[in-house]
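Please keep the sequence and the structure in view while reading the points below.

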Amino acid sequence: MEKNALPLADTLAPAGADAADGWPRRQVLKAGAVALGVGLLGRFADARAAGGLSASDYLGLDAWAMAKGLQAGHFSAEDLLGAAFARCDLVNPKINAVNMRHDDYARALLAARQKAGTLAQGSLAGVPILLKDLNTYLQGTTTSNGSRLFKDAPPSSITSTLIRRYEAAGAVPFGKATSPEFGLTTTTESLAWGQTRNPWNLALSSGGSSGGSAAAVAAGIVPVAHATDGGGSIRIPASYCGLVGLKPTRYRTPSGPARLEGSFGASVANMVSHSVRDTALFLDAGQGHEPGSPYWSSPLVRPYVEELGRDPGRLRVALVRESLTGAPLDPAIAKVLEDTIKQLLGLGHEVEELRLPIQAQQLFGAHGVAIGNSLLVTVNDREKALGRALGPQDLESITFGVLERAAKATGEGVVRARHAFEDISMAMEQQFERFDVILSPVTASLTPALGELSLNQPYESYARKAMGSAAFTVLANVSGQPAISLPLGMSDNGLPVGMMFTARLGGEDVLLRLASQLEQDRPWAARRAAI
């Protein structure tokens with residue numbers, strides 16, 4: 001197929017292509033600035049003359065292309081925001097991914113930039129985004145944490161540091177994406193906001209807890225959406241919705257200013273996207289030490305987007321087939337895993353099977369203490385603010401169970417859980433003395449039906465059903481290493497299947513180089529949910 005006949009998102013320089021393709025490896029940023037394919041310039045001129053951006057053109061743009069197209073004058077920030085509004089109006093009633101709209105905030109932000117003459121400035125210039133409705137704040141708006149307990153909380157007086165960084169780079173937040181109550185499960189369903197549906201199959205879950213963000217991106221509302229990951233909450237919905245989802249190294253991105261650490265650092269924020277280059281772009285915009293935080297991960301000496309043009313070399317890949325929960329792999333996931341192994345071998349990498357030296361009881365026990373006691377503080381503070389005891393009208397049944405177990409923890413138990421985080425982190429780092437990355441499935445099971453993993457059911461049935469969803473992901477939250485979900489396959493019944501790669505602490509550069517290579521070898525951009 002001729003280059004000018006490619007889909008719009010592919011008309012910019014393919015990040016990481018080599019000099020033989022006409023895109024020198026060291027000129028990824030310059031290549032991105034080449035705006036749009038020659039065959040599309042007239043179409044954008046017509047769109048600008050008509051005062052808008054067509055729905056099909058908007059759907060074909062990733063965040064990188066949006067920023068470069070805006071800076072080249074092919075459309076305006078108002079065009080992008082208007083297209084995002086229109087797409088949200090069209091598809092959100094079907095998927096319920098956006099639970100709060102902040103249109104006035106976004107319009108005021110653009111007006112302020114217009115007045116300052118900065119509308120086209122920044123690496124994320126004009127890119128419309130959504131914020132996950134969990135422990136993330138936008139000044140003048142409410143964050144509900146997916147719970148009836150906070151649904152009527154007063155508007156925030158602050159904007160989260162990460163979101164301020166996205167805004168400083170030019171992004172335009174215009175709403176919040178759904179989350180289950182306090183992000184406690186791997187689906188996105190709540191009594192506060194209802195069920196969020198997977199754009200690939202509306203009877204299925206979009207995953208969790210960043211399921212609203214993933215569904216919104218998969219459905220084309222935005223090219224990128226903010227997400228957080230405390231046990232797999234970026235990687236699981238990315239896998240279920242056919243997206244790229246990177247959980248960064250612990251403390252790579254800021255968590256404040258309300259709290260500078262989430263659950264001993266188990267919870268880390270980033271985003272979900274269609275393309276690897278968007279993942280690198282947003283990581284560059286968001287990463288870095290936050291004033292006041294005693295923790296941080298040192299940044300690379302060069303931007304992450306420049307990793308996309310670098311050869312990953314011959315990587316030593318450890319293969320982990322068995323989940324720590326003992327959940328068996330669905331045959332479709334096992335097949336994609338085998339296909340991924342073949343792809344890696346074909347690209348010249350080495351693959352060797354590995355059994356991780358991790359005790360499941362220690363891992364999940366420490367993670368449960370961290371998550372549960374962090375939640376206990378949040379809920380107790382809200383109870384004091386309301387001046388009343390909490391009841392079943394406030395919280396879902398599984399949430400009450402988590403709080404009951406957390407209340408039984410002793411001070412010694414909390415310290416021992418923190419020690420377990422350190423022990424597991426060191427055990428994992430030792431694996432990277434032999435290997436460059438670890439390959440595993442993201443989940444052991446395929447995308448579940450809505451209702452299976454909701455928090456409004458008995459704990460015993462919930463725990464049994466949840467065994468396959470977070471079987472592989474929790475480890476990186478406790479150990480702190482970066483891990484990325486890539487949409488490397490599909491099941492026979494048309495569901496996306498993600499594979500996960502984990503690297504040493506601070507190894508996002510290795511993951512991005514490999515992800516870019518895999519994306520170029522077997523592109524996934526053309527696989528989109530038909531909604």
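**Briefing on the predicted model**

Strand β1 is joined to strand β3 (residues 172–177) by 3 bridges, and these two strands run antiparallel. The structure is a predicted model, and the chain has an average pLDDT of 91.

**Confidence and annotation**

- Of the residues in the chain, 90% score at least 70 in pLDDT.
- Over residues 1–50, pLDDT stays under 50, and the model has 85 contacts beyond four places in sequence for this stretch.
- Where pLDDT is low, the predicted coordinates should not be read in detail.
- An unreviewed UniProt entry carries the annotation "domain: Amidase" for residues 80–512.
- In the model, the span of residues 80–512 is 36% helix and 16% strand, and its end C-alpha atoms lie 27 Å apart.

**The sheet of 3 strands**

- Strands β1 and β3 belong to an open sheet of 3 strands, which has the order β1-β3-β2 and mixed pairing.
- The edge strands are β1 (98–101) and β2 (128–132), each of which pairs on one side only.
- Direction ignored, neighbouring strands of this sheet are turned by 40 degrees against each other on average.
- Arg101 stands opposite Gly175 in β3.

**The sheet of 8 strands**

- A further open sheet has 8 strands in the order β8-β10-β9-β14-β15-β13-β11-β12, again with mixed pairing.
- Its edge strands are β8 (224–229) and β12 (350–353), and each of them pairs on one side only.
- From one strand to the next, the twist averages 25 degrees.
- Strand β15 (residues 496–503) runs antiparallel to strand β13 (residues 437–441), and 5 bridges join the two.
- One of the residues bridged to β15 is Val437, whose partner there is Ala503.
- Strand β14 is also antiparallel to β15, with 6 bridges between them; Leu486 has Met499 in β15 as its bridge partner.
- The hairpin of β14 and β15 has 5 residues between the strands, and in this hairpin Gly494 takes a positive phi near 85 degrees.
- Strand β15 is largely enclosed by the rest of the structure, because 8 of its 8 residues are buried.
- In a regular strand the side chains alternate between the two faces of the sheet.
- In β15, Pro496, Gly498, Met500 and Thr502 point one way, while Val497, Met499, Phe501 and Ala503 point the other way, and all are buried.

**Helices**

- Helix α17 (residues 508–521) lies across β9, β13, β14 (483–490) and β15, and runs at about 15 degrees to β14.
- Helix α10 (residues 276–286) lies across β8, β9 (244–247) and β10 (268–273), and runs at about 150 degrees to β10.
- Helix α4 (residues 63–71) has 8 of its 9 residues buried, so it is largely enclosed by the rest of the structure.
- The buried residues in α4 are Ala63, Trp64, Ala65, Met66, Ala67, Lys68, Gly69 and Leu70.

**Salt bridges**

- The model has a count of 21 salt bridges.
- Side chains of opposite charge can pair when their charged atoms come close.
- Asp103 and Arg101 form a salt bridge, with their closest N and O atoms 2.8 Å apart.
- Asp103 is buried, with a relative accessible area of 16%, whereas Arg101 is partly exposed at 30%.
- Glu508 and Arg252 meet through their side chains in a salt bridge of 3.1 Å, N to O.
- This pair links distant parts of the chain, as Glu508 is in helix α17 and Arg252 is in the loop between β9 and β10, 256 residues apart.
- Both Glu508 and Arg252 are buried.
- A salt bridge also joins Asp339 and Lys335, whose closest N and O atoms are 3.2 Å apart.
- These two residues, Asp339 and Lys335, both lie in helix α11 (residues 331–346), 4 residues apart, about one turn of the helix.
- An α-helix has 3.6 residues a turn, so residues three or four places apart point the same way.
- Asp339 is partly exposed, with a relative accessible area of 26%.

How values were computed. Residues numbered from 1 in each chain as written. Predicted model: local features only at pLDDT ≥ 70, side-chain atom pairs only at ≥ 80, totals over all residues. Heavy atoms only, no water. Pairing = 2+ DSSP bridges. Axes fitted to C-alpha atoms, helices over the stretch in contact; angles between N-to-C directions. Contact = heavy atoms within 4.5 Å. Salt bridge = Lys/Arg side-chain N within 4 Å of Asp/Glu carboxyl O. Buried < 20%, exposed > 50% of the residue type's maximum accessible area, 1.4 Å probe, protein only. pLDDT = per-residue confidence, 0-100. UniProt positions renumbered as here; feature names shortened; annotations may be inferred.
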